[in-house]
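This report describes the arrangement of a sheet and the surroundings of one of its strands. The sequence and the model are shown first.

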Amino acid sequence: MHAPVILFVYNRIEHTQKTIEALKAVDQADQISLIIYSDGPTSDQADKQKVEQVRSYLRLLQRDHPFSTTALNEREENLGLARSVISGVSEVLARWDSVIVLEDDIVVSVPFYEIMNQLLNEYKEDSRVNSISGYMYPVAIPRESSDFFLMKRASSWGWATWRDRWEQVDWAVSDYDEFMSSKDFQRRFNEGGEDLTPMLIKWKKGKNDSWAIRWCYHQCRMHTYGIFPKNSMVVNIGNDGTGTHSRSTSRYQQQLNDSYQITLPKTITEDAIISGNIEQFFRLSPIRRFINKLTLDN
C-alpha cells in the first residue's frame with residue numbers, strides 16, 4: 001500500500017518549486033497521491049502576492065505532473081503552520097490509514113518515497129513506534145549501526161505516521177501541569193534532547209506556535225519512539241532566514257545520497273551511542289539555560 005504525500009506550502013515560490021522537483025524525481029513517483037494545502041495570506045499585500053504566485057505555480061502543476069493524482073486545497077484564512085498541519089493531516093487521515101508529510105522547504109532523495117512506504121508497512125503493527133522520520137541530525141553514527149533505529153524524539157522534516165497514532169494526540173496538552181510538577185517526566189522527555197522541555201513551555205506561554213513540540217511530547221507521554229535513518233533522506237532548505245518560524249543556520253545541514261541501499265532491521269531497537277550523541281547535540285549551553293530561565297520563569 002502506498003501512503004499519500006501531504007505538502008504544506010505558504011509564500012515561498014523558490015522553495016516550493018525545489019521541493020516539488022525533488023518529489024517528481026523519486027522512485028515510484030507515479031504512485032503518489034499528492035495532497036497540497038496552501039495556507040491563506042495575511043492582510044499584507046506583498047504576502048498576498050507571494051501566496052498567489054505559489055498557487056499559480058501549483059495550479060499549473062495539477063495539469064502536468066508525474067504523480068498518480070494531485071489535489072490543491074487553497075485556504076482562504078491564514079491558519080498558521082500549527083493549525084494548518086494539525087487540521088490537514090487529520091483531514092487526510094480520516095480517509096487514509098497512513099500519511100507522509102512534507103513542508104515547502106523539504107527536499108527529498110530519490111529513494112525517500114519508496115523507503116518511507118516500506119517502513120510504514122513494516123512497522124504499522126509495532127506499538128512502540130509512533131512516527132517515522134526521513135531526516136537524521138548531523139551527529140556521529142557508528143559504521144556498524146543499523147540503517148534504521150529508534151529514538152526518543154520525533155522530527156517534522158519529512159515524516160510519516162498512521163491514523164491510530166495521530167488520533168491519540170491531545171493537542172491541548174491537558175496534563176501540562178502534571179508534567180511541570182514531575183521532574184522524572186521532564187527528565188524522560190529531555191532524553192530526546194534538552195531543548196524539548198523549554199520548547200513546550202514556550203508553546204504553553206504563547207511564545208511559539210509549534211505543533212511539532214506537542215507531537216514530540218505525545219510520543220514521550222505514550223512511551224513510544226520515532227524511527228530515524230542512518231543516512232538522512234531529506235534536507236531542509238528553509239534554514240536560510242526566509243521561513244516564518246526559522247532563522248538562518250547551518251547547524252542542521254545534511255547531504256543527500258540518492259543511490260544508497262538500505263536494509264530494514266529484523267528487530268528495530270534504540271542505539272545507545274546514537275542516542276547519547278543526540279543528547280549531546282541538543283545539550284544547552286550555560287548561557288542558553290540562563291536565558292531560558294529568565295524568559296520562561298516569567
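## Sheet architecture

Two strands are taken to pair if DSSP finds at least two bridges between them. The model discussed here is predicted. On this criterion, eight strands form an open sheet with mixed pairing, in the order β3-β2-β1-β4-β8-β6-β9-β7. From one strand to the next, the twist averages 25 degrees.

In general, strands of a sheet pair through backbone hydrogen bonds, in either a parallel or an antiparallel sense.

## Pairing of strand β6

Strand β6 comprises residues 129–133 and runs antiparallel to β8, residues 159–162, to which two bridges join it. Within this pairing, Ile132 stands opposite Ala160, and Ser133 has Trp159 as its bridge partner.

With β9, strand β6 runs parallel, and three bridges join the two strands.

## Helix packing and burial

Which strands does helix α9 touch as it packs on the sheet? Helix α9, residues 212–221, touches β6, β7, β8 and β9 (225–229). The direction of helix α9 makes about 140 degrees with that of β6.

Strand β6 is mostly covered, with five of its five residues buried. Buried here denotes a relative accessible area under 20%.

Technical notes. Residues are numbered from 1 along each chain as its sequence is written. This is a predicted model: local features need pLDDT of at least 70, side-chain atom pairs count only at pLDDT 80 or more; totals for chains, interfaces and linings use all residues. Side-chain values use heavy atoms; hydrogens and water are left out. Helices (H or I, at least four residues) and strands (E, at least two) are DSSP runs, numbered from the N terminus. Axes are lines fitted to C-alpha atoms, for helices over the stretch in contact, and angles run from 0 to 180 degrees between N-to-C directions. Contact means heavy atoms within 4.5 Å. Buried means under 20% relative accessible area, exposed over 50%, partly exposed in between (1.4 Å probe, protein chains only).
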